[in-house]
Protein chains: 2
Amino acid sequence: MAKKRQISNQEAKLFPIAMPKYQKQTRFLVAVDCIIFGFDGTELKLLLVQRGLEPEKGKWSLIGSFIREEEDIEKGANRILNQMTGLAGVYLEQLHAFGNPERDPIERTISVAYFALIDIHQYERQLNDDYHAEWFPIKSAPRLIFDHEQMVEMAKKRLRYKAAFHPILFELLPEKFTVPQLQNLYEGIFDTVFDKRNFSRKIQSTKLLIKQKDKDKENSKKGAYYYKLDKRRYAANFHAFLNFIPNPDNIK
Amino acid sequence: MAKKRQISNQEAKLFPIAMPKYQKQTRFLVAVDCIIFGFDGTELKLLLVQRGLEPEKGKWSLIGSFIREEEDIEKGANRILNQMTGLAGVYLEQLHAFGNPERDPIERTISVAYFALIDIHQYERQLNDDYHAEWFPIKSAPRLIFDHEQMVEMAKKRLRYKAAFHPILFELLPEKFTVPQLQNLYEGIFDTVFDKRNFSRKIQSTKLLIKQKDKDKENSKKGAYYYKLDKRRYAANFHAFLNFIPNPDNIK
DNA sequence: AAAATAAGTGTAAAAAGTACATTTAATATC
DNA sequence: GATATTAAATGTACTTTTTACACTTATTTT
């Protein structure tokens with residue numbers, strides 16, 4: 001196995017005979033599955049598709065596909081997301097690699113799960129019309145194939161965990177949103193209720209919100225002021241600990 | 001591709017002809033690499049081995065190997081850890097899947113990294129004598145092969161992050177330890193100093209420690225009382241948020 | 001006996017978190 | 001056009017947590 005110099009994968013493709021390999025090892029299919037969360041102003045939703053190939057054809061499934069030969073996993077996740085939903089430039093984070101040998105009955109497949117957060121309204125039409133993807137309230141989603149329900153459970157926990165300390169939930173909101181909407185979102189994620197005054201004070205203290213002059217009149221007679229995210233501060237504070245949730249116990 | 005019933009992987013092995021496959025997809029090598037942390041009472045250390053096969057034979061590397069055909073990833077991580085270091089039953093958590101197509105120049109390999117926390121003293125001899133593994137202070141570790149330094153960086157961040165909220169660092173300590181030792185560990189991990197009185201009060205308030213009657217006389221004339229971890233409470237509180245670190249900013 | 005060393009401990013002030021009720025702006029109804 | 005209805009917006013007093021800070025104690029060394 002002695003070797004004078006390293007041979008890149010590209011070279012190896014051109015000169016397959018010369019390429020040393022780890023001969024005796026098994027090779028596996030590797031896939032990406034995406035847990036895509038959206039928020040419609042009232043509840044947290046999950047984007048699902050009907051699986052297009054056997055086994056389990058026609059059953060509900062996370063968006064996912066196989067990684068290609070020369071494709072980085074993260075790039076693959078973005079490609080698959082884009083191909084299957086048209087989404088691009090959304091928040092995407094690696095969740096966990098799932099590798100139970102029995103998880104796909106056809107052939108062992110290792111799946112790297114990613115979770116995505118998107119503004120549901122920005123894509124609602126497109127998703128339904130062009131891609132036959134469907135939003136389900138997370139509390140009444142259908143049964144999913146393989147270990148996808150386990151993936152969703154883990155993603156929910158991760159989302160709660162992150163949301164307790166980092167301003168990640170803004171990724172789920174449209175450009176303009178109201179404080180009551182934001183509170184709804186937090187209450188949905190943490191399955192609890194917060195005192196309006198305390199919540200508002202805490203959010204305002206982060207200085208991440210910029211008050212707009214117009215109001216949302218859809219949800220109340222008085223109307224609630226719109227806010228926009230201060231993108232500069234958001235970028236700077238994303239990894240800071242904002243302690244959004246007073247007692248984040250019972251999360252994990 | 002229509003199929004009457006599912007065929008398990010085991011069945012498929014017995015009747016290879018009958019097994020439907022995802023024909024056109026590329027298959028990849030999948031490996032596990034372990035970032036193994038230890039604490040010697042003074043500083044955080046990293047367990048490394050000299051790589052046994054080309055390429056990069058003889059260079060320093062994380063402990064790692066390929067996943068086997070019918071092996072779950074987590075089980076594989078435990079097997080590899082045990083085979084290469086003799087360690088068993090230690091804290092092990094999945095960190096991240098690394099999949100840059102160029103990360104191993106011989107053949108594309110997707111590596112699922114795990115990090116482990118161990119009580120260094122319990123294994124010091126065994127590791128050196130039987131396995132030729134070596135501990136390096138994390139601040140003066142040698143260059144590592146492939147993307148292993150990137151893995152270590154990510155593991156350090158994850159460790160800090162978890163340690164800020166969960167009592168995870170006890171995994172690095174021996175059964176009996178003193179409060180000053182514990183404080184040393186936290187100060188090392190967070191690269192800062194804490195007030196002795198405040199640190200002690202905070203730790204005691206978790207009620208995770210049981211005071212022993214004997215003292216450690218090695219590190220001071222007066223001696224410091226030993227404590228043991230209350231294992232019941234530890235198990236119950238592991239996922240609770242203990243807020244060990246007052247202002248956990250600058251972590252990630 | 002005196003000096004040196006690190007362990008162990010308390011208190012007051014500041015900040016953060018909690019609990020709680022009324023007023024306000026706009027629309028809908030009579 | 002007066003009244004009822006709805007959800008938004010806002011302040012204050014109390015409790016808990018965090019922070020800043022210095023001396024005494026037990027033991028060994030000289």
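Which residues does Gln94(B) touch, not counting residues up to four places away in sequence? I looked up the contacts first, taking two residues as in contact if their C-beta atoms, placed from the backbone, lie within 7 Å. Gln94(B) touches His96(A), Ala97(A), Val112(B) and Tyr114(B).

I note that this is a predicted model, where local features need pLDDT of at least 70, side-chain atom pairs count only at pLDDT 80 or more, and totals for chains, interfaces and linings use all residues. Residues are numbered from 1 along each chain as its sequence is written, while chains are lettered from A and ligands numbered from 1 in the order in which they are written.

**Gln94(B).** I placed Gln94(B) in strand β5 (residues 91-98) of chain B. Helices (H or I, at least four residues) and strands (E, at least two) are DSSP runs, numbered from the N terminus. Gln94(B) is partly exposed because 17 other C-beta atoms lie within 10 Å. The cut-offs are 20 or more for buried, 12 or fewer for exposed, and partly exposed in between, with C-beta atoms placed from the backbone.

**Helix α6 of chain B.** I counted 0 buried residues among the 10 of α6 (residues 196-205) of chain B. Just after α6(B), Lys207(B) takes a positive phi of about 60°.

**Helices α5 and α6 of chain A.** I found the axes of α5 (residues 179-190) and α6 (residues 196-205) of chain A within 11 Å, crossing at roughly 100°. Therefore α5(A) is roughly perpendicular to α6(A), a label for angles of 65 to 115 degrees. Axes are lines fitted to C-alpha atoms, for helices over the stretch in contact, and angles run from 0 to 180 degrees between N-to-C directions. From α5(A), Val179(A), Leu182(A) and Gln183(A) meet Lys196(A), Phe199(A), Ser200(A) and Ile203(A) in α6(A).

**The sheet in chain A.** I traced an open sheet of 3 strands, antiparallel, in the order β8-β10-β9 (chain A). Two strands pair if DSSP finds at least two bridges between them. The edge strands β8 (176-178) and β9 (209-216) of chain A each pair on one side only. Between β9(A) and β10 (residues 224-229) of chain A I found 5 bridges, in the antiparallel sense. Ile210(A) has Lys228(A) in β10(A) as its bridge partner. Helix α5(A) packs on the sheet, touching β8 and β10 of chain A, and its direction makes about 75° with that of β8(A).

Technical notes
Parallel < 35°, antiparallel > 145°, perpendicular 65-115°, else oblique.
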